[in-house]
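Me: I have just opened this one and would like to go through it piece by piece. Could you start me off with whatever I need to know about strands?
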Amino acid sequence: MRTGGGWPPRTADMKKDVRILLVGEPRVGKTSLIMSLVSEEFPEEVPPRAEEITIPADVTPERVPTHIVDYSEAEQSDEQLHQEISQANVICIVYAVNNKHSIDKVTSRWIPLINERTDKDSRLPLILVGNKSDLVEYSSMETILPIMNQYTEIETCVECSAKNLKNISELFYYAQKAVLHPTGPLYCPEEKEMKPACIKALTRIFKISDQDNDGTLNDAELNFFQRICFNTPLAPQALEDVKNVVRKHISDGVADSGLTLKGFLFLHTLFIQRGRHETTWTVLRRFGYDDDLDLTPEYLFPLLKIPPDCTTELNHHAYLFLQSTFDKHDLDRDCALSPDELKDLFKVFPYIPWGPDVNNTVCTNERGWITYQGFLSQWTLTTYLDVQRCLEYLGYLGYSILTEQESQASAITVTRDKKIDLQKKQTQRNVFRCNVIGMKNCGKSGVLQALLGRNLMRQKKIREDHKSYYAINTVYVYGQEKYLLLHDISESEFLTEAEIICDVVCLVYDVSNPKSFEYCARIFKQHFMDSRIPCLIIAAKSDLHEVKQEYSISPTDFCRKHKMPPPQAFTCNTADAPSKDIFVKLTTMAMYPEDHYRDRLSRDMGHTDRIENLRKIWVFLKTAFHARLRCMCTCNRCTFCICQNFLNSDLLQSVKNKIFTAVLNRLRAWVAEWGAMLLADDEGSITHQVHAVRSVEDSIFMESSHGPLFLEARHVTQADLKSSTFWLRASFGATVFAVLGFAMYKALLKQR
């Protein structure tokens, strides 16, 4: 703990400038004080009033620009005086130590006048300045002390001499300090103890600094505190000296060689009483407090730019910090936070940030206590849905101080635009949002709670007022841990834009309710039929008797028509935790939406599209055969060059006709084969015909960026296989012609 002069606070935490106003009776030496400070010598001629002086920041002790303003009763009106008072940050009331009348005017005129022009709750700090001390051999402090005790806004009293330059620099230093490090918010002189707001702020600082949560600051924690606040460590002897000072005055200030909260508060009280309140202010400002002892908006809400179509996630450093925070408060080491442990964690908050619904949003143990995984999941949820609130919460926990980062913004990762993910066919995101849509009582809540591993019996214990419309938990996809965030969308005829935005849609219907599926079908057609957002239909309550849905087609036929996976049977009425298969499917679809979209497009390609593709290839081949090659000869002396003669030779024409006939016959065979394949109903037969092509295609995908894991998840459709077969053969034919053409070209050049 720094016991000497306080380390200068960071400029960003301090006022931009300080405005000092000097008032007092005429001829007490106000102007002489200003001119002596500037010229460092007593002026021979003193004007009625000095012009406003601005002292640059680099020559002031506190490193802030300072404006010194003089007041002259002879040259200024009362209205101008009132305006100057309203603009001042601190006021120096000057009196002459050899003039009792000027001392009396301090209480009879100047202090009441100033207080009338300022708010009662934010009084301006006052400095009493006794000038002309060179003319007397006694001090005026005996007369001034009762005045200081009467008015708490008086910061200090300084006796000085403009003629002898005595205490001139000190006077303006104390005036600066009264603005930058005011005593008023910290200390109550009448009761000789710190104010409640100051005690509350320092208590929070103590709890943040107590990193092992044992109730004391050990040597390592004290050294860390000293370094982050004052940029210098304490020597071992200095640490012992601090503890000895505390032991000397209070019995329970030191325990187990560590500084207790009482000892910590006592030290700061001692600093303030000895006039070193800048030390306490340095600590307060380092931990984000302003002059009113409130955490500043700049500290709680640092600037964080989030472009459209981007999401926010916690990075690795943030999760490490939250892990240490959890371990700090999990005193019984049961990997869960009891209500008392959670309350202790939130003591550094001005309010309890989590309501009872959080227990139904994340994983808990059998007693309903938030587990380690649930703790991280809740922070992940807050970061995704409301990153500003997450920054605020991290600020209360002291993230930027304990991790020695510039701000909480360093804990956040802003993901790239989702369009880029679609283009690159891979994502760097770790959190995926799934909107769960369906009629009321269709089983959406059961789906959300199943993600948390809760069966129907556990769900029945949830109180209605503790219900949550969100659920988040980790899901493993190909060995990667991802967060799946489920959001229960309330039943509505039309969804808002915010309710549509997500990574994957889960449409839930009740198999026992004949009217349930119709709502899912209508919502799908209205919002998602032409969208790139993948959709999965869940047949909830599959343990009940399934009834026919009152819709034009069955759910299975609806999925087949719209090229979606078939409805997934689901129930949470199980003895153990419900199956998580559907959550793996949803997360996989969210991670690879382009595959889902491509499959839908390939299935939608009709017979006309395929025939059109064949026609285009035929035209291309026909044009290539009948195109005449330009002569490569540049001699300009012969009518027909060797190149032209070769092209017209019988040998080349014979070869060209044979190749043309072979390709034409093969194309006709392909068309016939293709028609038979299109009319085939037996899926196994088609798959068998294209088995060789699929092997080639599989090998290509195994070498792709997704690797073998992606190959397992990719569902190759019949259309994919047919299309791949044709294009592979067409590519092979084009390659043959290209090789022949290049060989002929080289042969011609060689003959030339």
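Reply: Two strands are said to pair if DSSP finds at least two bridges between them. Please also keep in mind that this is a predicted model.

Me: What is the strand order of the open sheet of six strands?
Reply: The order is β17-β18-β16-β19-β20-β21, and the pairing in this open sheet is mixed. The edge strands are β17 (470-477) and β21 (568-569), each of which pairs on one side only. Helix α18 (residues 444-451) packs on this sheet, where it touches β16 (431-437), β17, β18 (480-488) and β19, and its direction makes about 155° with that of β18.

Me: Let me jump to β1. Are its faces covered or open?
Reply: Both faces of β1 are covered, with Val-18, Ile-20, Leu-22 and Gly-24 buried on one side and Arg-19, Leu-21 and Val-23 buried on the other. Because seven of the seven residues of β1 (residues 18-24) are buried, the strand is largely enclosed by the rest of the structure.

Me: Which strands does β1 pair with?
Reply: β1 pairs in the parallel sense with β3 (residues 66-70) over five bridges, and Leu-21 stands opposite Val-69 in that strand. Five bridges also join β1 to β4 (residues 90-96), again running parallel, with Val-23 opposite Ile-93.

Me: Switching to helices, why is α15 largely enclosed?
Reply: Nine of the 11 residues of α15 (residues 387-397) are buried, so the helix is largely enclosed by the rest of the structure. The buried residues include Cys-390, Tyr-393, Leu-394 and Leu-397. After the helix comes Gly-398, whose phi is positive, near 80°.

Me: What does Trp-379 touch, leaving aside its neighbours in sequence?
Reply: Leaving aside neighbours within four places in sequence, Trp-379 is in contact with Leu-314, Leu-322, Trp-354, Cys-390, Tyr-393, Leu-394 and Leu-397. The largest nonpolar core has 76 residues, and Trp-379 is among those touching the most other members, along with Ile-205, Leu-284, Phe-287, Trp-354 and Phe-375. Apart from that core lies another, of 30 residues, among them Val-475, Val-477, Leu-586 and Tyr-592.

Me: How many disulfides are there?
Reply: A search of the whole structure finds zero. Cys-520, for instance, has its closest cysteine sulfur in Cys-442, 6.4 Å away, which is too far for a bond. Cys-520 is buried, with a relative accessible area of 1%, and Cys-572 is buried as well, at 12%.

Me: Last one: which residues does the EF-hand annotation cover?
Reply: In the UniProt record, an unreviewed entry, the domain annotation "EF-hand" covers residues 317-352. Over that stretch the chain is 56% helix and 6% strand, with the end C-alpha atoms 24 Å apart.

How values were computed:
Residues numbered from 1 in each chain as written. Predicted model: local features only at pLDDT ≥ 70, side-chain atom pairs only at ≥ 80, totals over all residues. Heavy atoms only, no water. Buried < 20%, exposed > 50% of the residue type's maximum accessible area, 1.4 Å probe, protein only. Helix = DSSP H or I, 4+ residues; strand = E, 2+ residues; numbered from the N terminus. Disulfide = S-S within 2.5 Å. Core = buried A, V, L, I, M, F, W, Y, C linked by side-chain atoms within 4.5 Å. Contact = heavy atoms within 4.5 Å. UniProt positions renumbered as here; feature names shortened; annotations may be inferred. Axes fitted to C-alpha atoms, helices over the stretch in contact; angles between N-to-C directions.
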